Amino acid sequence: MIGVAAWVFVFSDKHRNRAFMSETMTIGFIGLGVMGGPMARHLASKGHRVKAYNRTASRAQEWQAAQDKLGHNTMIAATPGEAASDCDIVISCVGNDDDLAQVLEGSDGALAAMSSGALLIDHTTVSARKARDIAELARQLGIDALDAPVSGGQAGAENGALAIMCGGSGKAFSRAEPIMQAYGKRIVHVGQAGAGQTTKMANQMCIAGVLGGLSEAIRLVQASGIDSGKVLEAISGGAAQSWQMENRWQTMVEGEFDFGFAVDWMRKDLAYALEEADRLGLESPVTKLVDQFYGDIQTLDGGRQDTSSLIRRLPEGNAQ
């Protein structure tokens with residue numbers, strides 16, 4: 001049985017989150033790429049004022065023009081610090097460890113411009129080590145920080161249906177969750193600083209392994225001369241079923257590889273996963289092998305193709 005005090009706490013916490021969700025606020029958003037751009041747009045569509053910064057100025061200008069057409073209250077900042085100033089919440093979504101350091105650290109970085117008590121939500125996929133370092137820098141400044149990498153690709157960002165895995169304090173997560181609901185469908189607090197990044201590493205390891213097996217299975221079917229559509233129908237409802245099978249089987253058969261998340265980015269993510277596994281004294285032979293396979297795709301000038309292009313390294317064989 002829950003005591004009165006506990007019920008009061010639960011009610012108060014939910015009430016606070018509802019109030020926080022309905023409040024219109026100024027949000028700094030750093031990084032307007034294929035993921036960050038749609039996420040920032042979702043925030044603006046909820047009535048928030050979004051101060052955005054992007055290192056490539058032309059992309060920022062294109063994003064701003066699109067927001068103007070939608071009637072959103074947005075503006076472009078000249079530096080990360082300008083985007084972060086006078087904001088209770090700052091969100092970043094850039095490329096890698098070095099990119100994140102560039103926009104968050106230093107005299108023009110976002111952290112230096114944020115006030116004590118502000119909240120940083122970082123959606124960049126970086127190393128767990130970098131996430132822990134940023135969390136410590138933020139703590140020293142009195143800033144709550146959440147490492148919150150996302151999964152779901154460009155389509156998930158566009159549709160506001162991302163999976164978000166979060167590392168940081170319970171307080172930081174409680175403050176961030178209502179905001180992330182603008183573009184997140186599944187939002188899970190998995191642990192302390194760095195835990196979100198470790199979860200994303202596990203996510204990428206799973207995807208890489210599945211695509212390796214899927215590539216070989218498709219080539220087997222093609223070489224056998226069986227109708228690949230019938231095979232998909234037969235096996236996609238059983239234990240072999242996966243998101244990759246349902247969404248990429250047919251496009252892999254047809255040789256279409258323009259679906260957002262690039263091989264170059266997957267290799268970056270797998271490098272972080274292998275680094276963390278090594279730190280923990282673990283072996284990851286499948287991940288290491290598939291990472292090498294993705295290296296083969298890069299040598300075939302496929303670095304900007306999506307991760308399902310892994311099948312390109314396998315010859316089709318001879319149909320029987």
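Student: Where does Gly194 lie?

Tutor: In this predicted model, Gly194 sits in the loop between β9 (184–191) and α10.

Student: Why is Gly194 called buried?

Tutor: Its relative accessibility is 1%. Buried means under 20%. So Gly194 counts as buried.

Student: What does Gly194 touch?

Tutor: Leaving aside neighbours within four places in sequence, Gly194 is in contact with Ala128, Ala131, Arg132 and Asp147. Ser127 is 67 residues away along the chain, and the C-alpha atoms of Gly194 and Ser127 are separated by 8.0 Å.

Student: What makes the link between Asp97 and Ser127 a polar contact?

Tutor: The side chains of Asp97 and Ser127 come to 2.7 Å. The cut-off for a pair of N or O atoms is 3.5 Å. So 2.7 Å qualifies as a polar contact.

Student: Is Asp97 buried or exposed?

Tutor: Asp97 has a relative accessible area of 9%. The limit for buried is under 20%, so Asp97 is buried. Asp97 lies in helix α5 (residues 97–104). Not counting residues up to four places away in sequence, Asp97 touches Val126, Ser127, Arg129, Lys130 and Tyr272.

Student: Why is Arg175 called buried?

Tutor: Arg175 has 17% relative accessibility. That falls under 20%, so Arg175 counts as buried. Arg175 lies in helix α9.

Student: What polar contacts does the side chain of Arg175 make?

Tutor: A polar contact of 2.9 Å joins the side chains of Arg175 and Asp144. A polar atom of the Arg175 side chain also lies 2.9 Å from the backbone oxygen of Gly117.

Student: What surrounds Tyr183?

Tutor: Setting aside neighbours within four places in sequence, Tyr183 is in contact with Met39, His42, Leu43, Ile91, His123, Gly156, Gly160, Ala161, Leu162 and Ile164.

Student: Why is Ala202 called partly exposed?

Tutor: Its relative accessibility is 37%. Buried is under 20% and exposed is over 50%. The value falls in between, so Ala202 counts as partly exposed. Ala202 is found in helix α10 (residues 195–224). Ala202 and Asp269 are 67 residues apart in sequence and 10.0 Å apart in space, C-alpha to C-alpha.

Student: How do you know that the span of α13 agrees with its length?

Tutor: Helix α13 (residues 263–279) has 17 residues. At 1.5 Å a residue, these should span 24 Å. The end C-alpha atoms are 24 Å apart, so the span agrees.

Student: Which elements cover the buried residues of α13?

Tutor: The cover includes α5, α7 (128–140), α10 and α14 (285–299). Among the buried residues of α13 are Val263, Met266, Asp269 and Tyr272. Just after α13, Gly281 takes a positive phi of about 75°.

Student: How do you know that the span of α12 agrees too?

Tutor: Helix α12 (residues 243–254) has 12 residues, which should span 16 Å. Its end C-alpha atoms are 18 Å apart, which agrees. Its buried residues are Gln244, Met245, Arg248, Trp249, Thr251 and Met252. What covers them includes α10 and α11 (228–235).

Student: What makes Arg248 a charge over a ring?

Tutor: Arg248 lies over the face of Phe259, at 4.3 Å from the ring centre. The distance limit is 6 Å, so 4.3 Å meets it. Arg313 lies over the face of Phe293 in turn, at 3.7 Å from the ring centre.

Student: How many aromatic pairs are there?

Tutor: A search of the whole structure finds 0.

Student: Why is Asp86 called exposed?

Tutor: Its relative accessible area is 73%. Exposed means over 50%, so Asp86 is exposed.

Key:
Residues are numbered from 1 along each chain as its sequence is written. This is a predicted model: local features need pLDDT of at least 70, side-chain atom pairs count only at pLDDT 80 or more; totals for chains, interfaces and linings use all residues. Side-chain values use heavy atoms; hydrogens and water are left out. Contact means heavy atoms within 4.5 Å. Helices (H or I, at least four residues) and strands (E, at least two) are DSSP runs, numbered from the N terminus. Buried means under 20% relative accessible area, exposed over 50%, partly exposed in between (1.4 Å probe, protein chains only). A polar contact is a pair of N or O atoms within 3.5 Å; within protein, one must be able to donate a hydrogen and the other to accept it, and residues adjacent in sequence count only if both atoms are side-chain atoms. Rings of Phe, Tyr and Trp (its six-membered ring) pair if their centres lie within 6.5 Å; planes under 30 degrees apart count as stacked, over 60 as edge-to-face and the rest as tilted. A charge sits over a ring if NZ of Lys or CZ of Arg is within 6 Å of the ring centre and within 35 degrees of the ring normal. The expected span of a helix is 1.5 Å times one less than its number of residues.
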